[in-house]
Amino acid sequence: MESGSTLDGTSEPNNSNATTITVTVKFGGTTIPISISPNSTIKELKSLLLPATNVLPRGQKLIFKGKVLEDPVTLIASKLVNGSKIMLVASQGLYQGDGPVLKKAQVAPRSRKDSQSGSGNDMGKVPVKNRLERWKVTGVVALAECNLEAIPDEVWACGPSARVLDCNSNSIKDVPIEIARLTGLEKLFINANDLLDRSISWGGLTTLTHLTVLSLNQNCLTTLPSSLGSLTSLKELHVSNNKLGGLPKEIAHLTKLEVLRANNNRMSTISELIRNCHSLVEVDFSSNFLSELPETFGSLSNLKALHLSNNGMKSLPSKLFKTCLQLSTLDLHNTEITIDLLRQHMMVEKQQLHDSDIHVAFLQFEGWDSFDERRRSKHQKQIDFRVGVSRDFDEGADKN
(Lines give C-alpha, C1' and ligand atoms only; values in the text may rest on other atoms or scores of the structure.)
Protein backbone atom coordinates (compact mmCIF):
# COMPACT_ATOMS: atom_id res chain seq x y z
CA MET A 1 0.00 0.00 0.00
CA GLU A 2 2.89 2.29 0.72
CA SER A 3 4.19 1.91 -2.81
CA GLY A 4 0.74 2.94 -4.13
CA SER A 5 0.83 6.12 -2.08
CA THR A 6 4.25 6.79 -3.49
CA LEU A 7 2.86 6.71 -7.01
CA ASP A 8 0.02 9.02 -6.07
CA GLY A 9 2.29 11.45 -4.28
CA THR A 10 4.88 11.63 -7.02
CA SER A 11 2.77 11.42 -10.15
CA GLU A 12 3.68 15.01 -11.01
CA PRO A 13 7.26 15.43 -9.69
CA ASN A 14 7.82 18.59 -11.72
CA ASN A 15 4.66 20.30 -10.48
CA SER A 16 5.42 22.98 -7.87
CA ASN A 17 2.01 22.27 -6.30
CA ALA A 18 2.81 18.60 -5.66
CA THR A 19 1.10 17.15 -2.62
CA THR A 20 3.19 17.33 0.54
CA ILE A 21 4.24 14.24 2.38
CA THR A 22 4.92 13.76 6.07
CA VAL A 23 8.10 12.06 7.20
CA THR A 24 9.03 11.34 10.80
CA VAL A 25 12.49 12.07 12.12
CA LYS A 26 13.76 10.27 15.21
CA PHE A 27 16.14 12.29 17.33
CA GLY A 28 17.11 12.33 20.99
CA GLY A 29 14.22 10.17 22.15
CA THR A 30 11.64 12.24 20.26
CA THR A 31 9.76 11.74 17.01
CA ILE A 32 9.44 14.86 14.87
CA PRO A 33 6.83 14.93 12.06
CA ILE A 34 7.79 17.14 9.12
CA SER A 35 5.41 18.00 6.26
CA ILE A 36 7.31 18.82 3.10
CA SER A 37 7.03 18.66 -0.68
CA PRO A 38 8.56 15.48 -2.15
CA ASN A 39 10.37 17.73 -4.63
CA SER A 40 12.28 19.49 -1.84
CA THR A 41 15.94 18.69 -1.27
CA ILE A 42 17.42 17.00 1.76
CA LYS A 43 19.13 20.32 2.57
CA GLU A 44 15.70 22.01 2.74
CA LEU A 45 14.50 19.25 5.04
CA LYS A 46 17.47 19.92 7.32
CA SER A 47 16.55 23.62 7.46
CA LEU A 48 13.06 22.67 8.65
CA LEU A 49 14.59 20.53 11.38
CA LEU A 50 16.69 23.38 12.81
CA PRO A 51 13.97 25.03 14.98
CA ALA A 52 12.75 21.63 16.18
CA THR A 53 16.17 20.27 17.14
CA ASN A 54 18.52 23.30 17.49
CA VAL A 55 21.03 21.31 15.41
CA LEU A 56 22.57 23.34 12.58
CA PRO A 57 21.94 21.90 9.08
CA ARG A 58 25.62 21.23 8.50
CA GLY A 59 25.69 19.28 11.77
CA GLN A 60 22.82 16.99 10.76
CA LYS A 61 23.29 13.52 9.31
CA LEU A 62 20.02 12.01 8.11
CA ILE A 63 19.91 8.23 7.69
CA PHE A 64 17.19 6.35 5.83
CA LYS A 65 17.29 2.56 5.54
CA GLY A 66 20.97 2.51 6.45
CA LYS A 67 21.99 5.11 3.86
CA VAL A 68 23.09 8.70 4.54
CA LEU A 69 20.90 11.17 2.64
CA GLU A 70 22.79 13.71 0.49
CA ASP A 71 21.97 17.44 0.64
CA PRO A 72 21.38 18.18 -3.09
CA VAL A 73 19.15 15.15 -3.68
CA THR A 74 15.34 15.51 -3.56
CA LEU A 75 13.15 13.51 -1.22
CA ILE A 76 11.52 11.71 -4.14
CA ALA A 77 14.91 10.76 -5.56
CA SER A 78 15.91 9.52 -2.10
CA LYS A 79 12.84 7.24 -2.20
CA LEU A 80 11.23 9.00 0.75
CA VAL A 81 7.44 8.65 0.82
CA ASN A 82 4.60 9.59 3.14
CA GLY A 83 5.27 7.96 6.51
CA SER A 84 8.98 7.30 5.93
CA LYS A 85 11.05 7.16 9.10
CA ILE A 86 14.43 8.88 9.22
CA MET A 87 17.10 8.90 11.90
CA LEU A 88 18.94 12.12 12.73
CA VAL A 89 22.49 11.94 14.07
CA ALA A 90 23.90 15.27 15.28
CA SER A 91 27.54 16.29 15.16
CA GLN A 92 28.80 17.34 18.57
CA GLY A 93 28.89 21.10 19.09
CA LEU A 94 27.07 22.07 15.88
CA TYR A 95 23.96 23.55 17.43
CA GLN A 96 22.34 26.87 18.24
CA GLY A 97 21.25 28.02 21.69
CA ASP A 98 22.09 25.96 24.77
CA GLY A 99 22.18 22.69 22.86
CA PRO A 100 20.09 20.11 21.02
CA VAL A 101 16.45 19.72 22.01
CA LEU A 102 16.25 16.37 23.78
CA LYS A 103 13.29 14.54 25.29
CA LYS A 104 14.67 14.53 28.80
CA ALA A 105 16.82 17.63 28.65
CA GLN A 106 17.21 19.21 32.04
CA VAL A 107 18.77 22.42 33.18
CA ALA A 108 21.87 21.76 35.21
CA PRO A 109 21.31 22.85 38.81
CA ARG A 110 23.22 25.84 40.05
CA SER A 111 26.10 25.07 42.33
CA ARG A 112 25.52 26.66 45.67
CA LYS A 113 27.18 25.98 48.95
CA ASP A 114 25.28 23.83 51.38
CA SER A 115 23.08 25.53 53.92
CA GLN A 116 25.63 24.57 56.54
CA SER A 117 28.52 26.07 54.57
CA GLY A 118 31.14 28.19 56.24
CA SER A 119 30.00 31.37 54.54
CA GLY A 120 26.50 31.15 55.92
CA ASN A 121 27.64 30.32 59.43
CA ASP A 122 30.31 33.00 59.43
CA MET A 123 27.82 35.66 58.44
CA GLY A 124 25.49 34.48 61.15
CA LYS A 125 28.19 34.92 63.79
CA VAL A 126 28.89 38.52 62.82
CA PRO A 127 26.73 41.00 64.77
CA VAL A 128 24.46 42.98 62.46
CA LYS A 129 25.78 46.27 63.84
CA ASN A 130 29.40 45.42 63.02
CA ARG A 131 28.47 44.07 59.62
CA LEU A 132 26.50 47.18 58.76
CA GLU A 133 29.33 49.44 59.92
CA ARG A 134 31.81 47.47 57.81
CA TRP A 135 29.57 47.84 54.76
CA LYS A 136 29.34 51.58 55.26
CA VAL A 137 33.09 51.98 55.69
CA THR A 138 34.15 49.83 52.75
CA GLY A 139 31.20 50.57 50.50
CA VAL A 140 31.06 46.86 49.63
CA VAL A 141 28.02 44.82 50.67
CA ALA A 142 29.23 41.21 50.29
CA LEU A 143 26.38 38.70 50.57
CA ALA A 144 27.34 36.07 48.00
CA GLU A 145 26.55 32.42 48.83
CA CYS A 146 24.76 33.20 52.08
CA ASN A 147 21.64 31.09 51.40
CA LEU A 148 19.46 34.18 51.30
CA GLU A 149 15.89 34.20 50.02
CA ALA A 150 15.68 37.99 50.28
CA ILE A 151 18.07 40.91 50.49
CA PRO A 152 18.41 41.76 54.23
CA ASP A 153 16.68 44.97 55.32
CA GLU A 154 19.87 46.33 56.91
CA VAL A 155 21.37 46.65 53.41
CA TRP A 156 19.06 49.56 52.70
CA ALA A 157 20.42 51.33 55.80
CA CYS A 158 23.74 51.71 53.96
CA GLY A 159 22.14 54.42 51.86
CA PRO A 160 24.58 56.36 49.66
CA SER A 161 27.59 54.62 51.29
CA ALA A 162 27.14 51.40 49.32
CA ARG A 163 29.10 51.29 46.06
CA VAL A 164 28.96 47.52 45.40
CA LEU A 165 26.17 45.05 46.22
CA ASP A 166 27.10 41.40 45.64
CA CYS A 167 24.26 38.93 46.16
CA ASN A 168 25.50 36.20 43.82
CA SER A 169 24.51 32.55 44.25
CA ASN A 170 21.60 32.79 46.66
CA SER A 171 17.88 32.10 46.32
CA ILE A 172 16.79 35.72 46.20
CA LYS A 173 13.39 36.05 44.61
CA ASP A 174 12.99 39.82 44.23
CA VAL A 175 14.76 43.16 44.10
CA PRO A 176 12.43 45.52 46.00
CA ILE A 177 11.79 49.23 45.53
CA GLU A 178 14.12 49.89 48.48
CA ILE A 179 17.06 49.42 46.10
CA ALA A 180 16.52 53.08 45.23
CA ARG A 181 17.90 54.02 48.66
CA LEU A 182 21.39 52.94 47.58
CA THR A 183 21.87 56.17 45.66
CA GLY A 184 25.65 55.78 45.34
CA LEU A 185 25.57 52.22 43.98
CA GLU A 186 27.97 51.62 41.10
CA LYS A 187 27.97 47.82 40.73
CA LEU A 188 25.10 45.37 41.28
CA PHE A 189 25.64 41.61 41.10
CA ILE A 190 22.62 39.31 41.48
CA ASN A 191 23.81 36.32 39.44
CA ALA A 192 22.51 32.78 40.00
CA ASN A 193 19.34 33.54 41.93
CA ASP A 194 15.61 32.97 41.38
CA LEU A 195 14.67 36.26 39.74
CA LEU A 196 11.66 36.37 37.40
CA ASP A 197 10.56 39.28 35.19
CA ARG A 198 8.17 40.57 37.83
CA SER A 199 10.74 40.08 40.60
CA ILE A 200 12.73 43.23 39.85
CA SER A 201 11.52 46.68 40.81
CA TRP A 202 12.88 48.47 37.75
CA GLY A 203 11.27 51.66 39.00
CA GLY A 204 13.71 51.64 41.89
CA LEU A 205 16.63 50.23 39.97
CA THR A 206 16.56 52.84 37.22
CA THR A 207 16.95 55.67 39.74
CA LEU A 208 20.53 54.54 40.36
CA THR A 209 22.20 57.17 38.20
CA HIS A 210 25.75 56.05 39.11
CA LEU A 211 25.28 52.39 38.22
CA THR A 212 28.00 51.26 35.78
CA VAL A 213 27.78 47.45 36.11
CA LEU A 214 24.56 45.42 36.18
CA SER A 215 24.92 41.64 36.29
CA LEU A 216 21.82 39.42 36.23
CA ASN A 217 23.28 36.22 34.81
CA GLN A 218 21.72 32.81 35.43
CA ASN A 219 18.22 33.78 36.47
CA CYS A 220 14.80 33.19 34.88
CA LEU A 221 14.30 36.44 32.98
CA THR A 222 12.36 36.35 29.69
CA THR A 223 12.27 40.09 28.95
CA LEU A 224 14.04 43.29 29.87
CA PRO A 225 11.87 46.43 30.24
CA SER A 226 12.09 49.60 28.20
CA SER A 227 13.10 51.42 31.40
CA LEU A 228 16.52 49.73 31.08
CA GLY A 229 17.34 52.64 28.79
CA SER A 230 17.25 54.96 31.82
CA LEU A 231 20.51 53.49 33.13
CA THR A 232 22.56 55.82 30.95
CA SER A 233 25.73 55.45 33.05
CA LEU A 234 25.86 51.71 32.45
CA LYS A 235 29.17 50.43 31.05
CA GLU A 236 28.62 46.69 31.49
CA LEU A 237 25.42 44.67 31.12
CA HIS A 238 25.52 40.94 31.87
CA VAL A 239 22.31 38.96 31.25
CA SER A 240 23.69 35.58 30.18
CA ASN A 241 21.98 32.26 30.89
CA ASN A 242 18.43 33.54 31.09
CA LYS A 243 15.49 33.00 28.73
CA LEU A 244 15.51 36.37 27.00
CA GLY A 245 13.76 36.54 23.64
CA GLY A 246 15.50 39.80 22.76
CA LEU A 247 16.76 43.16 23.96
CA PRO A 248 14.54 46.26 24.24
CA LYS A 249 15.03 48.90 21.56
CA GLU A 250 15.67 51.38 24.38
CA ILE A 251 19.11 49.81 24.74
CA ALA A 252 19.99 52.48 22.19
CA HIS A 253 20.09 54.99 25.08
CA LEU A 254 23.03 53.15 26.68
CA THR A 255 25.64 55.12 24.77
CA LYS A 256 28.35 54.44 27.39
CA LEU A 257 27.89 50.67 27.29
CA GLU A 258 31.21 48.92 26.62
CA VAL A 259 30.48 45.27 27.44
CA LEU A 260 27.27 43.44 26.52
CA ARG A 261 27.06 39.75 27.39
CA ALA A 262 23.76 38.08 26.54
CA ASN A 263 24.91 34.60 25.61
CA ASN A 264 22.84 31.47 26.29
CA ASN A 265 19.43 33.02 25.79
CA ARG A 266 16.69 32.64 23.18
CA MET A 267 17.21 35.76 21.10
CA SER A 268 16.35 35.48 17.41
CA THR A 269 16.68 39.17 16.43
CA ILE A 270 18.69 42.20 17.50
CA SER A 271 17.30 45.73 17.14
CA GLU A 272 18.97 47.87 14.49
CA LEU A 273 19.04 50.67 17.09
CA ILE A 274 22.01 48.94 18.69
CA ARG A 275 24.03 51.21 16.39
CA ASN A 276 23.63 53.95 19.01
CA CYS A 277 25.67 51.92 21.52
CA HIS A 278 28.80 53.28 19.85
CA SER A 279 31.01 52.64 22.91
CA LEU A 280 30.63 48.86 22.68
CA VAL A 281 33.97 47.04 22.82
CA GLU A 282 32.85 43.46 23.52
CA VAL A 283 29.59 41.73 22.55
CA ASP A 284 28.73 38.12 23.35
CA PHE A 285 25.61 36.73 21.65
CA SER A 286 26.79 33.12 21.54
CA SER A 287 24.32 30.28 22.06
CA ASN A 288 21.19 32.08 20.89
CA PHE A 289 18.88 31.63 17.88
CA LEU A 290 20.33 34.34 15.64
CA SER A 291 20.58 33.86 11.89
CA GLU A 292 21.87 37.38 11.18
CA LEU A 293 22.78 40.71 12.76
CA PRO A 294 21.38 44.08 11.67
CA GLU A 295 23.41 45.98 9.10
CA THR A 296 23.78 48.77 11.67
CA PHE A 297 26.20 46.56 13.59
CA GLY A 298 28.82 47.87 11.22
CA SER A 299 28.48 51.27 12.92
CA LEU A 300 30.12 49.98 16.12
CA SER A 301 33.55 51.37 15.30
CA ASN A 302 35.00 50.62 18.78
CA LEU A 303 34.10 46.93 18.65
CA LYS A 304 37.06 44.63 19.38
CA ALA A 305 35.42 41.27 20.19
CA LEU A 306 32.26 39.69 18.80
CA HIS A 307 31.15 36.23 19.92
CA LEU A 308 28.49 34.48 17.82
CA SER A 309 29.20 30.77 18.31
CA ASN A 310 26.34 28.28 18.41
CA ASN A 311 23.88 30.35 16.44
CA GLY A 312 22.26 29.68 13.09
CA MET A 313 24.27 32.55 11.58
CA LYS A 314 24.15 32.55 7.76
CA SER A 315 25.54 36.02 7.02
CA LEU A 316 27.40 38.97 8.53
CA PRO A 317 26.72 42.73 8.30
CA SER A 318 28.11 43.99 4.99
CA LYS A 319 30.39 46.64 6.53
CA LEU A 320 31.56 44.71 9.58
CA PHE A 321 35.15 44.24 8.43
CA LYS A 322 35.36 47.56 6.59
CA THR A 323 34.19 49.89 9.38
CA CYS A 324 34.92 47.98 12.61
CA LEU A 325 38.64 48.68 12.32
CA GLN A 326 39.45 47.53 15.87
CA LEU A 327 37.74 44.14 15.57
CA SER A 328 40.31 41.41 16.27
CA THR A 329 38.17 38.62 17.76
CA LEU A 330 35.28 37.11 15.80
CA ASP A 331 33.95 33.79 17.09
CA LEU A 332 31.85 31.99 14.50
CA HIS A 333 32.39 28.46 15.81
CA ASN A 334 29.47 26.11 15.22
CA THR A 335 27.51 28.44 12.94
CA GLU A 336 26.56 28.09 9.30
CA ILE A 337 29.42 30.47 8.40
CA THR A 338 32.71 28.66 7.89
CA ILE A 339 36.17 29.95 7.06
CA ASP A 340 35.98 28.00 3.81
CA LEU A 341 32.80 29.85 2.90
CA LEU A 342 34.41 33.20 3.64
CA ARG A 343 37.46 32.32 1.57
CA GLN A 344 35.31 31.03 -1.25
CA HIS A 345 33.39 34.29 -1.38
CA MET A 346 36.62 36.25 -1.30
CA MET A 347 37.95 34.32 -4.30
CA VAL A 348 34.74 34.88 -6.24
CA GLU A 349 34.90 38.60 -5.54
CA LYS A 350 38.49 38.86 -6.72
CA GLN A 351 37.89 36.76 -9.82
CA GLN A 352 34.74 38.59 -10.88
CA LEU A 353 35.45 42.09 -9.65
CA HIS A 354 34.57 43.47 -13.09
CA ASP A 355 30.96 42.35 -12.66
CA SER A 356 29.23 45.06 -10.61
CA ASP A 357 26.47 42.73 -9.40
CA ILE A 358 28.95 40.16 -8.14
CA HIS A 359 31.01 42.91 -6.54
CA VAL A 360 28.00 44.20 -4.61
CA ALA A 361 27.02 40.67 -3.58
CA PHE A 362 30.40 40.00 -2.00
CA LEU A 363 31.22 43.49 -0.81
CA GLN A 364 30.42 42.24 2.69
CA PHE A 365 33.93 40.77 2.85
CA GLU A 366 35.69 44.03 2.07
CA GLY A 367 38.19 44.66 4.86
CA TRP A 368 38.66 40.95 5.59
CA ASP A 369 42.42 41.09 4.97
CA SER A 370 42.89 43.90 7.51
CA PHE A 371 40.80 42.05 10.07
CA ASP A 372 42.76 38.84 9.51
CA GLU A 373 46.00 40.73 10.06
CA ARG A 374 44.73 42.15 13.38
CA ARG A 375 43.54 38.71 14.43
CA ARG A 376 46.90 37.11 13.69
CA SER A 377 48.78 39.91 15.44
CA LYS A 378 46.68 39.49 18.57
CA HIS A 379 47.29 35.74 18.67
CA GLN A 380 51.00 36.23 18.17
CA LYS A 381 51.14 38.65 21.11
CA GLN A 382 49.34 36.07 23.27
CA ILE A 383 51.89 33.44 22.26
CA ASP A 384 54.79 35.79 22.97
CA PHE A 385 53.32 36.61 26.37
CA ARG A 386 53.05 32.94 27.31
CA VAL A 387 56.62 32.28 26.25
CA GLY A 388 58.00 35.25 28.15
CA VAL A 389 56.49 34.53 31.57
CA SER A 390 56.95 31.76 34.10
CA ARG A 391 54.91 28.58 33.96
CA ASP A 392 53.17 29.33 37.26
CA PHE A 393 52.11 32.80 36.18
CA ASP A 394 50.87 31.49 32.86
CA GLU A 395 48.68 28.88 34.54
CA GLY A 396 47.36 31.49 36.93
CA ALA A 397 46.51 33.80 34.03
CA ASP A 398 44.68 30.96 32.30
CA LYS A 399 42.61 30.31 35.41
CA ASN A 400 41.63 33.96 35.62
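Arginine 261 counts as partly exposed, at 29% relative accessibility. The side chain of arginine 261 meets that of glutamate 282 in a salt bridge, 3.1 Å from N to O. A salt bridge here is a side-chain nitrogen of Lys or Arg within 4 Å of a carboxyl oxygen of Asp or Glu. This pair links distant parts of the chain: arginine 261 sits in strand 11 (residues 259-261) and glutamate 282 in strand 12 (residues 282-284), 21 residues apart. Strands are DSSP runs of E, at least two residues, and helices are runs of H or I, at least four, numbered from the N terminus.

A word on the source. This is a predicted model, where local features need pLDDT of at least 70, side-chain atom pairs count only at pLDDT 80 or more, and totals for chains, interfaces and linings use all residues. Residues are numbered from 1 along each chain as its sequence is written, and side-chain values use heavy atoms, with hydrogens and water left out.

How many salt bridges does the structure hold? There are 3. In one of them, glutamate 154 pairs with arginine 131, with the closest N and O atoms 2.3 Å apart. Glutamate 154 lies in the loop between strand 6 (140-142) and strand 7 (164-166), and arginine 131 in helix 4 (residues 128-138), so the pair ties together parts 23 residues apart in sequence. Glutamate 154 is buried at 19% relative accessible area. Arginine 131 is buried too, at 10%.

Another salt bridge joins aspartate 71 and lysine 46, at 2.8 Å from N to O. Aspartate 71 is in the loop between strand 4 (67-68) and strand 5, while lysine 46 is in helix 2 (residues 42-53); they are 25 residues apart. Buried or partly exposed? Lysine 46 is buried, at 6%, and aspartate 71 is partly exposed, at 30%.

Now the strands. Strand 1 (residues 21-27) has 5 of its 7 residues buried, so the rest of the structure largely encloses it. Strand 1 pairs with strand 2 (residues 30-36) in the antiparallel sense, over 7 bridges. Two strands pair if DSSP finds at least two bridges between them. Valine 23 stands opposite isoleucine 34 of strand 2. The two strands form a hairpin with 2 residues between them, and glycine 28 in the turn has a positive phi of about 55 degrees. Strand 1 also runs parallel to strand 5 (residues 85-90), joined by 3 bridges. There, valine 25 faces isoleucine 86.

Strand 7 and strand 8 (residues 187-189) share 3 bridges. Aspartate 166 has phenylalanine 189 in strand 8 as its bridge partner.

Last, the cores. A nonpolar core is a set of buried Ala, Val, Leu, Ile, Met, Phe, Trp, Tyr and Cys residues joined through side-chain atoms within 4.5 Å. The largest has 67 residues, and Leu214, Phe285 and Leu306 have the most contacts inside it. Helix 4, helix 5 (202-205), helix 6 (320-323) and helix 9 (368-388) are the elements that each give two or more residues to this core. Apart from it lies another core of 18 residues, including Phe27, Phe64, Leu75 and Ile86.

Note on methods:
Buried means under 20% relative accessible area, exposed over 50%, partly exposed in between (1.4 Å probe, protein chains only).
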